[in-house]
Amino acid sequence: MTTQELHSEPRARVGGGWTSALALACLGLYMAFLTPIQVLLAEQIDAIDPAGKELALGWATGTGALVAVVANPLAGALSDRTGGRFGRRRPWILGGAVAGAAGLAVTSAQTTVVGVTLGWCLAQLGLNAMLAGTSAVVPDQVPVSQRAAVSGWIGIPQTLGLVVGALLVTMVVTSTAAGYLLLALLVVLCALPFVVLTRDPREAREARDPRVPREARRARVRLGDFLVNPRTHPDFGWAWLTRFLVMLGNALGTLYLLYFLKDAVRHARPDEGVLVLTLLYTAGVVVTAVAGGVVSDRWGRRKALVSVSSVVMGAASLLLTFWHTWPVAMAAALLLGLGFGAYIAVDQALITQVLPSAGDRAKDLGVINIANSAPQVLGPALAAPVVAYAGGYAGLYLTSAVVTFLGGILVWRIRSVP
């Protein structure tokens, strides 16, 4: 039995229970990821250092994003090398959830900016380990013909997690610390059904099979393992670049949304305006995420839908470039959600088809995740000078549109996926 045979693409379709359990795990994961960034960290740092809250929040979230850039591919590489009766992914999903919960609990008790930053970095370590596992089970167990639809189902929690998490920490609990602890509990509870109720006997057999070459089960992780030569694997390189560009456009477009509503739209209650736009965006994602995935799976094509959805997202940014009114902002939010829902489902399926090695899926998906995390670090550095010196908010949203359009165009450089 060759390594290639052991790592062949899955053929058996997964059922609704399997997909639902994974989607639930992802919901808990993204509630723990996104709610602190949007709500809890801001409130906690405002209470600690109200005079310097903007800079302090930037340091905390930026440092956490840098930890994510390193932690996700590292956890993925270790997951690829994990063996035993529980398989490669489930120990990292549960262990990451527990570690992430511990990080959130530590963060909840901090009374200094440094303490908050360190606690959030610990949470990022655990949550990115969980993300490495949940990302890899899709190419591990879902056939290509079903992959975009499943990616759509697990893509919805990326947006829904923020809405549900924000509602919980503002309406169910009465303090910031209690909000962290509630999220810590939920991330573990949401992971348990998938970890307990699913099985991957192929991986468990592979880990113990003496016919598997020793190098396939090695535990050492080297720096060179994370370097993917784009000349050797050009499709992977183009997939990484296009994901980076689209996510950068998304980061540029959403970073100063509150300030845009306050200063350009002149919204009377910009906080409530952001909530309304978030709900419209979420509705758009829910409408197209699964539908776009189903269409892609049945049509058998990925690039056209990725390109079209990128154009839709770019068009939303163009609306905000030329019209700074509340009705246009609402239309743009819905349009952005419609585009992003289809994009995240189909592009994620496309990426799983260009991974360099089936035996290193989690590590390679971790490298792809850098394209998701890096824009969160680079976005503020690029957006601030554009707003200040290159056209204000019109210049910012024009830049977002151009970057997003470019990502949609360059996806056609991928050759191995239709």
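## Helix 15

The expected span of a helix is taken as 1.5 Å times one less than its number of residues, and helices here are DSSP runs of H or I with at least four residues, numbered from the N terminus. Helix 15 (residues 392–410) has 19 residues and should therefore span 27 Å; its end C-alpha atoms are 27 Å apart, which agrees.

Let's look at what this helix touches. Its buried residues (under 20% relative accessible area, 1.4 Å probe, protein chains only) include G392, Y393, L396, Y397, S400, V403, T404 and G407. The buried residues of helix 15 pack against helix 9 (234–255), helix 10 (257–265), helix 12 (303–322) and helix 14 (361–389), where contact means heavy atoms within 4.5 Å.

## About the model

This is a predicted model, in which local features need pLDDT of at least 70 and side-chain atom pairs pLDDT 80 or more, while totals for chains, interfaces and linings use all residues. Residues are numbered from 1 along each chain as its sequence is written, and side-chain values use heavy atoms, leaving out hydrogens and water.

## The whole chain

The protein chain holds 15 helices and zero strands. Along the principal axes, the C-alpha atoms fill a box of roughly 65 × 45 × 40 Å.

Of the 418 residues, 53% count as buried. Among contacts with a separation of 6 or more, 84% come from residues 24 or more positions apart.

Key. Helices (H or I, at least four residues) and strands (E, at least two) are DSSP runs, numbered from the N terminus. Buried means under 20% relative accessible area, exposed over 50%, partly exposed in between (1.4 Å probe, protein chains only).
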